[in-house]
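Look at the sequence and the structure, then read the points below.

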Amino acid sequence: MKAIRVDGGRDLRQVVGAWAVYVFLIVAAMVILFGSGCSLKTAQITHVAVQSADLASTHYAESRGAVEANPLFQANWATRVGLKSAASVGMWIATSQLDRMGHPRLAKSLLYTLNAVLAGVIVNNVRIARGR
């Protein structure tokens with residue numbers, strides 16, 4: 001099987017593996033740091049902030065010549081803001097429902113994982129914008 005090359009000639013499996021390790025470490029760190037002490041509302045607010053930071057970092061990267069890779073977000077700015085807002089509200093409702101159904105740890109774990117993935121996307125946006 002021929003290797004798929006991405007990101008400066010690295011094998012796609014290496015890139016995916018590195019991202020998987022990164023996400024695992026961030027989620028593990030968040031669980032260790034916050035454990036059950038972090039309220040669901042705090043995790044939800046953090047998710048909205050991370051979604052906003054993703055929009056800002058995408059705009060920053062595009063202002064420096066980068067091109068959005070996600071086809072859903074290749075539309076105009078208003079569409080992007082609408083999609084990110086819908087995703088944030090939808091996640092807020094879904095995790096609140098999980099909490100009400102007696103699964104608060106699942107709700108927080110879901111938010112921790114999504115926040116870690118989005119943090120990686122933000123780092124990648126800034127890295128691309130800086131030409132690295």
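Arginine 80 is buried, with a relative accessible area of 6%; buried means under 20%, exposed over 50% and partly exposed in between, with a 1.4 Å probe and protein chains only. The model is predicted, so local features need pLDDT of at least 70 and side-chain atom pairs pLDDT 80 or more, while totals for chains, interfaces and linings use all residues. Residues are numbered from 1 along each chain as its sequence is written, and side-chain values use heavy atoms, without hydrogens and water.

**Salt bridges**

- The whole structure has 2 salt bridges (a side-chain nitrogen of Lys or Arg within 4 Å of a carboxyl oxygen of Asp or Glu).
- Arginine 80 forms a salt bridge with glutamate 62, at 2.5 Å from N to O.
- Glutamate 62 lies in helix H2 and arginine 80 in helix H3, so this pair ties together parts 18 residues apart in sequence. Helices are DSSP runs of H or I with at least four residues, numbered from the N terminus.
- Glutamate 62 is partly exposed, with a relative accessible area of 25%.
- Lysine 84 and aspartate 54 form a salt bridge, with their closest N and O atoms 2.4 Å apart.
- Lysine 84 is in H3 (residues 77-100) and aspartate 54 in H2 (residues 40-63), 30 residues apart.
- Lysine 84 and aspartate 54 are both buried.

**Helix packing**

- H2 packs with helix H4 (residues 104-129) at an angle of about 20°, and their axes are 9 Å apart.
- H2 and H4 are therefore roughly parallel (an angle under 35 degrees).

Definitions and conventions
Helices (H or I, at least four residues) and strands (E, at least two) are DSSP runs, numbered from the N terminus. Axes are lines fitted to C-alpha atoms, for helices over the stretch in contact, and angles run from 0 to 180 degrees between N-to-C directions. Angles under 35 degrees count as roughly parallel, over 145 as roughly antiparallel, 65 to 115 as roughly perpendicular and the rest as oblique.
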